[in-house]
Amino acid sequence: MSDKLEHILKSYFGYDTFRPGQKQVIVDVVNGFNTLAVMPTGGGKSLCYQIPGLTLDGTAIIISPLISLMKDQVDALHALGIKATYLNSSLSPKEQQERLSDIAAGQYTFVYVAPERFESNLFANTIRQLNISLVAFDEAHCISQWGHDFRPSYRSIVPRLKKLTNIPVYVALTATATEDVMTDIRTLLDISPDHMVNTGFERDNLSFHLVKGKNKATYIKHFLDERKGESGIIYTATRKQADALYDQLRRQGTAVEKYHAGLTEDERKEAQSAFVHDEAAIMIATNAFGMGIDKSNVRFVIHYAMPMNIESYYQEAGRAGRDGEPSDCILLYSPQDVQLQKFLIEQSLADEDAKQNEYRKLQAMMNYCHTNSCLTAFILDYFGDQPGYDACERCSNCSDQQEKVDITEEAQMILSCVKRMGERFGVSMTAKVLKGSRDKRIREFGLEDLSTFGLLSAYTEKDLSDRIQFLVAENVLATEEGKFPTLKLNQKSVDVLKGKQHVFMKAALVPTRELDDDYHGDLFESLRQLRKDMADAQAVPPYVIFSDATLKEFARYLPDTESDMLTITGVGEKKYAKYGEAFMEAIGVWKQAHPDAGKTKTVKIGGAPVIRDVKAKDVDDRPSHMISYQMFQSGIALKDIAIRRNIEKQTVESHIFKAAQEGYPVVWGIFFNEEQEENVLSVHENLEEPKLKTIKEHLPEAYDYTLIKAVLVKNALM
Ligand code: ADP
Ligand code: MG
Ligand code: ZN
C-alpha cells in the first residue's frame with residue numbers, strides 16, 4: 001500500500017516525499033481508523049484526506065466552515081483532474097439542486113460542504129444513501145467550545161452523522177488545538193490516542209519579533225520600504241486603526257489595500273482579490289480578514305497592536321510563510337493595547353465566567369509581550385508543545401545580543417512593595433508607590449506611609465510598570481485574573497525575596513538619569529553645534545530643528561542610513577528631508593574617527609532591527625542524533641519525535657543510543673524495567689559469543705531488539 005500512496009502523491013500532486021505526519025494520517029485513515037491530525041498551518045493537511053479519498057471507494061465528504069475557500073479547493077482538485085464539487089449558501093437554489101442530484105448519482109470523489117448543510121433534510125437524505133469513503137472535518141477546532149472559534153452548528157452535526165450507518169471513517173484536521181480541544185475532538189469523534197498524529201505546532205520558517213517603544217506608523221513605513229515588493233498583512237485591532245493606517249500609507253505613496261467589516265461586500269471582495277492575485281502587496285485589515293485566505297507567499301504579518309490572545313495571534317501570524325520560506329511575524333506592542341483589549345472584552349461579553357476566561361488569555365498575551373525568553377518557545381509552551389530547546393535562535397529575544405543583567409535587588413524591592421501593599425493592588429498603583437507619586441489615590445489609601453514609598457523614585461513610572469509586567473511574565477509575580485488584576489506573591493516571589501533565586505533581565509533596570517549618560521558626549525556636543533549653526537542660519541530656535549533628546553539618541557544609536565534615522569524619536573519624514581542628511585554626515589565623520597564605537601549598538605537598536613538582525617536559521621547544525629536526543633530529553637515521546645522529524649522510530653532509537661554511547665545521560669525507564677535488564681544481562685553473561693540475535697533467542701518474545709540494545713548500551717556492552 002505504501003508504494004501506492006507515494007505513487008498518488010507523485011502522480012496527482014507532483015510531490016516526491018510526504019511532509020511530517022502526512023503518511024501516518026493517510027495510512028490510519030485508509031485502514032479505517034478515525035484519526036485526528038494536528039499539524040501547523042501550511043503543514044499539508046488537505047493531502048491527509050485527499051489521498052485517502054482517492055484511494056478508498058466512494059465519495060469523500062469534507063466539512064469546512066470556510067465557505068470562501070471551498071471554491072478554490074474544488075478548482076485546485078479540478079486542475080488535478082479530480083472530480084469534486086461544493087455545496088454552500090453562495091449557490092442559487094437551482095445550482096444546489098443540480099449538484100445534489102449529481103452527488104446522489106455518485107459523480108464526485110470529493111464534496112465540500114458547510115456545516116449548516118446538514119440542517120437540510122434533502123441533503124441529509126442524499127448523504128444517507130451515498131457510498132461514502134470518509135468524512136473529514138477541516139478546521140476541526142471549530143467543533144469544540146474550548147476552541148477559539150467555536151461554531152455550534154459544527155458541533156451539532158456530529159450526533160446527526162453518528163446516526164448514519166454508511167460512514168466508514170472520520171478524519172479531523174486542525175492547526176491550533178490545545179489539550180482541551182484535542183481531547184474534546186477525540187471524544188466526540190471516537191478517536192483513540194493511538195490515532196492522533198500531532199506534528200507539533202512549530203513553524204520553523206517563521207521568525208517572531210516583538211517591537212516596543214517605537215512609533216508604530218514610522219516603523220511600518222520603514223519596514224515596508226525595506227521589504228518592497230514582498231507580500232504582507234498588517235493587522236490592526238480596530239477598523240479605525242485600519243482606516244488611519246491605510247490613509248497614511250496611501251498618502252506616502254505605498255500601495256496598500258484594506259479589509260474590515262465596515263466596508264461593503266464588494267469593497268472587501270475587490271481588496272481581497274487584489275491581494276490574493278498579487279496586484280497589491282500589502283493588506284491592512286482587522287481580524288475579519290484571513291480565514292479564507294490560502295495565499296502561500298505572504299512574507300510577513302505585522303500586528304499593529306497586541307491581539308486579544310495567543311490563539312488568535314498564532315493563527316493570524318501563521319498566515320505568513322505557508323510555502324515554507326522564511327517569513328517574519330512582528331508584533332508592535334504598546335501599553336495602551338492592553339486597555340483596548342480590556343475594553344473589547346467588557347463590551348463583547350456579558351457572562352462573568354467567559355470574561356474571566358478571556359482575561360486569563362489576555363494575561364498570557366501580555367506575558368508574551370514582556371518575556372525575555374524565546375518567543376517561539378513561549379508560544380509552543382502555551383499550546384502544550386515541548387519545543388526541545390530553550391532558544392529558537394531566530395526570534396527577536398533569541399537574536400538580541402544584549403547581555404543579561406542581574407536585577408534581583410530591584411525585583412526584591414518590587415516584591416516587598418507588593419507585599420506591603422497587602423497584595424490588593426495592580427501594576428499601576430504599585431508603580432506609583434515605588435515611584436513615590438503624589439497621585440491623590442495614593443493618599444486616599446494611605447500608601448505614602450509605606451516604607452517602600454518612593455523606594456525606586458529614580459525610575460520613571462512607565463519603567464517601573466514595565467519591570468513589574470516583566471516579573472509577571474517571568475512568573476516571579478502572580479496576578480489575580482480580571483479587568484484590574486491585583487498582584488500577588490507566589491512561591492517564586494518568596495524564593496527571590498529570600499535570595500534563593502536570582503532574576504535576570506536583558507535590559508537592566510537603569511534609572512533614567514543613567515540611561516541619559518549612555519551616549520557619546522563628544523558627538524552630542526558636535527551635533528549641538530551643528531544644530532546651533534543651522535538654527536542661526538534659518539533664524540529659528542535650535543529646538544525647532546531637533547530636541548536634545550533626539551540629539552542624544554543620535555549620539556547613542558549612531559544612525560547612518562535614512563531608515564535608521566527615521567527610527568529615532570523626533571525624526572519624522574519632513575524633518576528627515578530637511579535636516580537628516582546634515583546630521584547623518586556629522587555622525588559619519590565622527591564614526592570614522594571612532595571606528596570601534598557603535599559596532600554593536602547601531603545594529604541593535606538604531607536600525608529597523610527586525611529586518612537586520614534576524615535571518616531565519618536555515619540549517620540546524622547540530623548532528624542529527626543530538627536533535628533527536630535533545631527532543632527526547634525534553635520529554636517528547638519517541639513516536640512523536642519520529643513524526644516531527646519525519647524519520648523512522650527505529651532511527652530515533654538509534655539516535656538516543658548513539659548519544660548514550662557518547663556519554664549523554666538517558667532515562668532508560670522507557671526502554672526496560674529492572675527485571676528485564678537483569679534478564680538480558682544474565683543471558684549476555686552466559687553466552688559465549690553474545691550477539692543481539694542469539695541473546696534474543698534466549699529470551700521471551702516480548703524482549704525486542706530495541707529493549708536488548710538499550711540494556712547493552714546502558715551497560716556499555718555495545
Ligand atoms: P494546511 O491545510 O495544513 O494549512 P495545505 O494542505 O493547504 O496546508 O498545504 C499547504 C501547501 O503545502 C499546499 O501548497 C500544498 O500543496 C503543499 N504540500 C502539501 N503536502 C506537500 C508535500 N508532501 N510536499 C510538498 N508540498 C506539499
Ligand atoms: Mg487547510
Ligand atoms: Zn527564540
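## Before you start

Residues are counted from 1 along each chain as its sequence is written, while chains are lettered from A and ligands numbered from 1 in the order in which they are written. Because the model is predicted, local features need pLDDT of at least 70 and side-chain atom pairs count only at pLDDT 80 or more, although totals for chains, interfaces and linings use all residues; side-chain values use heavy atoms, with hydrogens and water left out.

Let us begin with an open sheet of seven strands, ordered 3-4-2-5-6-1-7 with parallel pairing. Strand 3 (84-87) and strand 7 (196-198) stand at its edges; each has a single partner strand, so one side of each is left without a neighbour in the sheet. From one strand to the next, the twist averages 15 degrees. Strands here are DSSP runs of E of at least two residues, helices are runs of H or I of at least four, and both are numbered from the N terminus. Two strands pair if DSSP finds at least two bridges between them.

Strand 3 and strand 4 (residues 110-113) are joined in the parallel sense by four bridges, and tyrosine 86 has tyrosine 112 in strand 4 as its bridge partner. Helix 5 (residues 93-104) lies across these two strands, at about 135 degrees to strand 3. Such angles run from 0 to 180 degrees between N-to-C directions, with axes fitted to C-alpha atoms, for helices over the stretch in contact.

Seven bridges link strand 8 to strand 13 (residues 327-333). Serine 207 stands opposite aspartate 328 in strand 13.

## A buried threonine

Threonine 371 sits in the loop between helix 14 (352-370) and helix 15. This threonine is buried (under 20% relative accessible area, with a 1.4 Å probe and protein chains only), at 5%. Beyond neighbours within four places in sequence, threonine 371 is in contact with Phe378, Asn397, Ala473 and Glu474; contact means heavy atoms within 4.5 Å.

Terms used: Buried < 20%, exposed > 50% of the residue type's maximum accessible area, 1.4 Å probe, protein only.
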